[in-house]
Amino acid sequence: MTQKRILVTGASGCVGHYISETLIQDTNHELYLLVRNPQKLKVDTQARPGVTVIQGDMQNIDAFADLLPTIDVAVLTATAWGGEATYDINVTKTVKLIELLDPERCEQVIYFSTASVLDSKNQALKEAGELGTDYIRSKYQCLEQMNQVPVADKITKVFPTFVLGGDRNKPYSHLTSGIPEVTKYIDLIRFLQADGSFHFIHGKDIATVIRHLIENPPKEGEPRYLVLGQQRLTANQAVEELCSYFNKKIWFRIPLSLPLANVLIAVFRIQMAAWDRFCMNYRHFSYEKVVNPTIFGLPNYCATMEDVLKISGVKKPN
């Protein structure tokens with residue numbers, strides 16, 4: 001297997017941890033892990049030779065103008081979730097990093113966006129660019145600019161759905177950290193019925209897909225627009241699987257209607273951001289085609305709600 005020089009940005013994040021760990025343990029590639037604070041990187045970077053931790057900031061990406069042209073594969077997970085630097089990091093500096101790669105040498109750029117910028121047909125969702133949070137709008141805008149860079153035809157864009165992950169050596173995703181709290185309300189949730197659907201994907205399964213893409217870059221004509229997620233799950237299916245896990249019976253279900261929600265918002269004068277209101281009305285965050293390890297004949301780590309609960313440390317009743 002040919003050894004490649006691989007850059008991973010945002011290596012100390014939840015997804016970045018899983019990707020870094022997988023590439024260290026399961027490949028012999030020369031790795032460069034870019035982090036702002038090396039103390040937050042908990043993977044064993046001494047496990048084998050060829051792993052270099054680089055302390056740096058995306059806002060100062062020009063400092064790596066000598067390294068970037070030597071990179072074969074760039075895995076771009078670094079992101080700003082909000083604040084004044086969001087556009088600068090998520091758009092300007094991300095595009096600048098890609099422009100500093102050598103078009104002759106660079107084999108592939110794997111860029112992490114978010115499924116929130118896509119509609120159910122896996123096409124750009126215009127509301128994401130108009131109503132989205134700073135983070136979502138910046139991801140939407142970055143996609144538009146990527147068509148102009150010299151290596152545009154080598155960029156594989158990945159769009160994670162709801163991300164799970166985290167353990168004692170990795171930061172928890174926002175979703176995973178909230179699961180134990182939600183399960184406390186199972187006695188109430190089981191009697192509610194809602195119209196909605198979604199996908200999820202665990203960081204370890206994301207890492208499996210990324211490793212496969214590194215070893216098997218998409219060929220000409222193959223998709224470079226990949227939504228990462230397990231199979232579609234409706235809100236009602238999720239509740240039913242939760243109840244099955246906890247051995248809770250569902251005697252009846254009360255539909256949560258959208259008109260009622262809008263009335264309650266008006267009566268209690270609840271302040272909602274434009275994007276939050278859009279999401280409440282949109283409801284179905286599901287996609288035409290999703291990609292997970294099974295698509296490539298590889299094993300899934302977390303494919304069901306039962307897997308989600310077990311991995312999140314939620315104990316099953318005896």
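I take buried as under 20% relative accessible area, exposed as over 50%, and partly exposed as in between, with a 1.4 Å probe and protein chains only.

The model is predicted: local features need pLDDT of at least 70, side-chain atom pairs count only at pLDDT 80 or more, and totals for chains, interfaces and linings use all residues. Residues are numbered from 1 along each chain as its sequence is written, and side-chain values use heavy atoms, with hydrogens and water left out.

Entry on N247. I looked up its backbone and found phi near 55 degrees, a positive value in a residue other than glycine. N247 sits in the loop between α8 (235-245) and β13; helices (H or I, at least four residues) and strands (E, at least two) are DSSP runs, numbered from the N terminus. N247 counts as exposed because its relative accessibility is 54%.

Entry on N122. Phi of N122 is near 65 degrees, again positive in a residue other than glycine. I placed N122 in the loop between β5 (108-112) and α3 (126-131). With a relative accessible area of 12%, N122 is buried.

Entry on I254. This residue lies in strand β13 (residues 254-255). I noted I254 as partly exposed, because its relative accessibility is 45%.

Entry on the record. UniProt, in an unreviewed entry, lists residues 10-141 as "domain: NAD(P)-binding"; its positions are given in the numbering used here, feature names are shortened, and annotations may be inferred rather than shown by experiment. In the model, I found the end C-alpha atoms of residues 10-141 to be 20 Å apart, and the span to be 32% helix and 15% strand.
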